[in-house]
Amino acid sequence: MQKPNLRQGSGRQACAHCSAPFEVTPEDLAFYDQVSPVIRGTKYAIPAPSLCPDCRQQRRLAFCNEFNLYPGTCGLCRKRTLSQFPQSSSVPYYCHECWHSDKWNALSYGREIDFTRPFFEQLTALKRSVPSLALDVQGELQNCDYIHYAGSSKNSYLIMHADFCEDCMYGYGFKHNRSCVDGFYNLQCELLYDCVDCHGSYGLTHCQDCINCHSGAFLRDCIGCKSCFLCTGLRNKEYCFENEQLTKEEYRERTQGIDLQSFKTYQECRARRREIEKKHTFKEFHGHNTENCAG
Ligand SMILES: [Zn+2]
Ligand SMILES: [Zn+2]
């Protein structure tokens with residue numbers, strides 16, 4: 001395929017890494033000019049990007065290791081600790097207790113900046129000399145030796161981007177949860193398994209985008225529902241099965257033989273929910289208490 005005739009600098013151009021075309025607008029250039037730092041009276045202009053937005057995003061995230069943890073040793077107390085840095089890394093790191101202690105002072109690593117040398121080369125050298133946290137954890141932790149990008153939690157294992165959790169495992173984006181397992185962005189929930197984007201809910205299994213729901217399974221985009229199974233888009237309902245309103249006794253009869261521990265049942269219910277979802281019109285985005293927000 002013939003590559004488009006693109007130029008560097010401004011307007012439409014080709015990514016220096018992947019060759020994808022992208023646009024640099026006059027507004028972008030004005031913004032870079034506005035945020036360019038002035039140090040001792042000299043303006044250090046931020047150049048227009050040479051990489052496309054996707055490649056820039058990859059580069060921004062490249063330093064961030066969220067899921068791969070390695071065995072290692074604290075550089076200060078020499079105790080064994082899990083670490084976000086592999087043994088081949090030259091980055092020094094301390095365990096949670098040592099890093100937050102007064103046994104060392106990050107200011108002692110201060111150095112003069114050399115304006116005749118590139119900035120990022122010096123920043124990288126500084127980062128490689130100052131000890132980092134072995135695992136990025138904050139606050140009071142009890143029995144949480146295997147959590148990362150997390151804090152103030154108790155009895156939890158492999159939860160990332162998580163805070164104020166107790167008895168949770170295998171979660172990403174967990175906040176104020178208790179006894180939740182295998183989840184993604186669940187907030188203020190209890191007893192959830194395999195749920196995504198659920199808030200203020202209790203006793204849900206295989207649910208997504210649910211708020212204030214109780215004792216349900218295979219729900220999607222439901223709010224204020226209790227004892228419902230395989231439903232989508234319901235509001236303040238009880239005893240519904242495949243979006244059909246049943247009596248309490250009928251609901252019990254329909255659900256009592258369903259074995260939620262069976263993988264075959266799980267696959268069948270997932271497939272059935274996908275069919276039900278096709279009949280539902282979803283909101284274009286999920287937002288709460290937001291004003292003048294897009295994107
Ligand atoms: Zn690119
Ligand atoms: Zn230590």
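Select C168 first: its sulfur lies 4.5 Å from the closest cysteine sulfur, that of C165, which is too far for a bond. A disulfide is defined here as a pair of cysteine sulfur atoms within 2.5 Å. C168 is buried, at 0% relative accessibility; buried means under 20% relative accessible area, exposed over 50%, and partly exposed in between, with a 1.4 Å probe and protein chains only. A search of the whole structure returns 0 disulfides.

The model on display is predicted: local features need pLDDT of at least 70, side-chain atom pairs count only at pLDDT 80 or more, and totals for chains, interfaces and linings use all residues. Residues are numbered from 1 along each chain as its sequence is written, chains are lettered from A and ligands numbered from 1 in the order in which they are written, and side-chain values use heavy atoms, leaving out hydrogens and water.

**The zinc site**

Next, select the zinc ion (ligand 1). Which protein atoms are its donors? They are the SG atoms of C15, C18, C52 and C55, lying 2.3 to 2.4 Å from the ion. Donors are N, O and S atoms within 2.8 Å of the metal (3.2 Å for Na, K and Ca); water is not among the atoms, so sites may look incomplete.

The 4 donor atoms subtend angles of 107 to 113° around the zinc ion, which makes the arrangement tetrahedral. Four donors count as tetrahedral if all angles lie between 85 and 135 degrees. The ideal angle for four tetrahedral donors is 109.5 degrees.

Along the chain, the donors follow the spacing C-x2-C-x33-C-x2-C. C15 lies in the loop between β1 (11-14) and β2 (21-24) and C55 in helix α2 (residues 53-61), so this pair ties together parts that are 40 residues apart in sequence. Helices (H or I, at least four residues) and strands (E, at least two) are DSSP runs, numbered from the N terminus.

C15 is buried at 4% and C55 is buried at 8%, whereas C18 is partly exposed, with a relative accessible area of 39%.

**Two backbone positions**

Most residues other than glycine have a negative phi. Select S19, in the loop between β1 and β2: its phi is positive, near 70°, and the residue is partly exposed at 30% relative accessibility. Then move to N243, in the loop between β18 (240-241) and β19 (244-245). Phi of N243 is also positive, near 65°, and N243 is partly exposed at 34%.

**The nonpolar cores**

Select C198, L204, C210 and C222, the residues with the most contacts inside the largest nonpolar core, which has 27 residues. A nonpolar core is a set of buried Ala, Val, Leu, Ile, Met, Phe, Trp, Tyr and Cys residues joined through side-chain atoms within 4.5 Å. Apart from this core lies another, of 11 residues, among them A217, F218, F241 and L246.

Centre the view on C222. Leaving aside residues up to four places away in sequence, C222 touches residues including D209, C210, I211, C213 and C231, where contact means heavy atoms within 4.5 Å.

**The whole chain**

Finally, zoom out. The protein chain holds 6 helices and 19 strands, and 33% of its 295 residues count as buried. Its C-alpha trace spans about 80 × 55 × 40 Å along the principal axes.

Notes:
Four donors count as tetrahedral if all angles lie between 85 and 135 degrees; four count as square planar and six as octahedral if opposite donors are over 155 degrees apart and all others between 65 and 115; anything else is irregular.
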